[in-house]
Amino acid sequence: MSAELDSSRWVVDSPALGTTLSARPCRAPDQPDPAPPGGSVAPIALTFSGGGFRATLAALGVIRLLADIGRLRDVRYVSSVSGGSVSNALLAKAWPDLRSRGFTSAAVDELVIGPAVGRVSTQSLKMSLIKGIWRTVGPMTRTELLARRFDEWFLDGLRLEHLDEEVRWIVNAANLTTGVRFRFERDVLGDYVIGLTGTAGTRTKLSLAVAASAAVPGAFAPVVLKRVSFPCAQQAPVLVDGGAYDNTGLQALDREKYRDVFLVSLNAGGLLRPGAYGRIPLVRELARANSLLYRQSTGLRTRAMVERFRRGREIDAGMPLPPGARRGLLVALATDFMSTSGKLPDWRATFPEHRTYRGRDLALVPTVFDKLDGELCRALVYRGWWLVGAALAAYWPDRLPDLTDIKPPTI
């Protein structure tokens with residue numbers, strides 16, 4: 001069915017939701033299934049939250065840590081939102097070359113972290129968009145311009161269908177038409193209400209998926225997929241920042257089918273701070289209410305996953321996990337490690353914790369796509385690296401090699 005947007009209807013009144021209080025799953029019999037990832041005896045899944053370049057850079061530190069401990073080769077799932085989707089895309093593009101070079105730390109530095117830090121620390125993506133705003137006088141939107149910049153900076157026009165099949169790459173947006181998570185993957189795109197369609201022949205670029213995932217309402221226009229058909233769509237998908245629905249990226253991987261996949265989750269989203277937001281009353285209250293809703297949804301997802309991790313740690317290593325249990329870790333930029341369990345004291349003694357930049361906590365770096373100081377970029381990479389290493393040391397010490405074999409990223 002060809003989907004055209006009815007401009008006379010506000011999208012949340014979409015008939016895709018029917019007349020009930022919940023969305024109706026698409027029951028089309030011929031929906032394609034996402035291709036399973038390549039085999040691994042100890043598969044790892046990564047989730048990267050939104051949070052602008054703060055989230056991008058911290059997620060690159062997570063990738064570096066996995067390379068340092070020899071486990072990057074075991075990554076089989078990456079789910080991301082907004083700024084975290086930039087890291088997801090950078091890793092996806094570099095994956096074949098990383099594999100050919102043995103997934104070493106040096107390869108990650110050269111192929112992933114170095115180019116990203118080089119761009120972010122020397123150019124402002126926001127200013128680049130402002131200078132190119134004249135292009136949006138015609139049919140091109142600000143979000144399509146963002147996708148073009150992602151191609152110019154990082155992705156070179158790579159299409160979804162050409163991503164490496166060894167990993168299931170999941171870039172998440174929010175569909176305003178259906179009110180649920182919309183996913184871009186190597187083989188499929190869509191959501192459970194409008195159904196899934198294959199990427200082959202759609203010419204959908206990875207850059208558009210990342211731009212849709214980062215399309216903050218107000219700053220960027222929604223991505224309207226008018227030229228792609230979905231089996232149960234009555235209106236075209238209207239896509240905005242995935243953080244509007246799930247800023248953690250966890251929902252894509254929280255089902256029982258992923259029970260035996262070790263999950264590494266980084267939340268680099270913004271913090272809810274006490275006090276008023278701004279001086280204009282209406283804007284202030286709306287901003288505060290939006291932040292409260294974000295905190296509630298993120299808090300519920302993370303608490304549920306942490307409880308599954310707690311159950312998983314009660315099961316001896318090598319034993320099958322019961323329903324509702326998972327193995328993994330979840331950290332945020334503001335995480336404090338209060339315990340002294342496992343190898344955490346040794347980790348702290350070997351690798352100092354650097355959580356501030358010029359006296360300010362890194363969790364408070366603004367959610368922006370501006371040019372960032374090179375020192376700040378490296379501090380954020382180190383912060384993501386250190387947090388995951390500390391969590392492994394505290395809760396899964398057997399998954400860390402001898403600490404003397406690990407060389408941290410430079411800061």
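**A charge over a ring, and other labels**

Guide: Let's start with Arg 399, whose charged end sits over the ring of Trp 396, 5.4 Å from the ring centre.

Visitor: What makes the charged end of Arg 399 count as sitting over the ring of Trp 396?

Guide: The term asks for NZ of Lys or CZ of Arg within 6 Å of the ring centre and within 35 degrees of the ring normal. At 5.4 Å, Arg 399 meets the distance limit. Some ground rules: this is a predicted model, local features need pLDDT of at least 70, and side-chain atom pairs count only at pLDDT 80 or more, while totals for chains, interfaces and linings use all residues. Residues are numbered from 1 along each chain as its sequence is written, and side-chain values use heavy atoms, with hydrogens and water left out.

Visitor: How do you know whether Ser 49 is buried or exposed?

Guide: Ser 49, in the loop between strand S1 (44-48) and H1, has a relative accessible area of 2%. Buried means under 20%, exposed over 50%, and partly exposed in between (1.4 Å probe, protein chains only). Ser 49 is therefore buried. Among the residues it touches, leaving out those up to four places away in sequence, are Asn 247, Thr 248 and Leu 266; contact means heavy atoms within 4.5 Å.

Visitor: And what is Gly 198 called at 26% relative accessibility?

Guide: Gly 198, in strand S6 (residues 195-198), counts as partly exposed because of that 26%. Beyond its neighbours within four places in sequence, Gly 198 is in contact with Pro 32, Asp 187, Val 188 and Leu 189.

Visitor: What makes H5 largely enclosed by the rest of the structure?

Guide: Ten of its 14 residues are buried, so the rest of the structure largely encloses H5. Phe 150, Trp 153 and Phe 154 are among those buried residues, and their cover includes helices H1 (52-68), H2 (83-100) and H3 (105-120). Just after H5, Asp 156 takes a positive phi of about 55°.

Visitor: How does the reach of H5 compare with what is expected?

Guide: H5 (residues 142-155) reaches 18 Å from its first C-alpha to its last, close to the expected 20 Å. The expected span is 1.5 Å times one less than the number of residues.

Visitor: What makes one space a cavity and another a pocket?

Guide: On a 1 Å grid over the protein atoms alone, a cavity is a set of points where a 1.4 Å probe fits but cannot get out; a pocket is an open set with protein on both sides within 12 Å along at least five of seven lines. Lining residues have an atom within 4 Å of a point. Grid points are joined across faces, edges and corners, and a volume is the space filled by probe spheres set on the points.

Visitor: Which elements give two or more residues to the lining of the second largest pocket?

Guide: That pocket holds about 840 Å³ of space. The elements are H5, H6 and S7, with the largest share, four residues, from H5.
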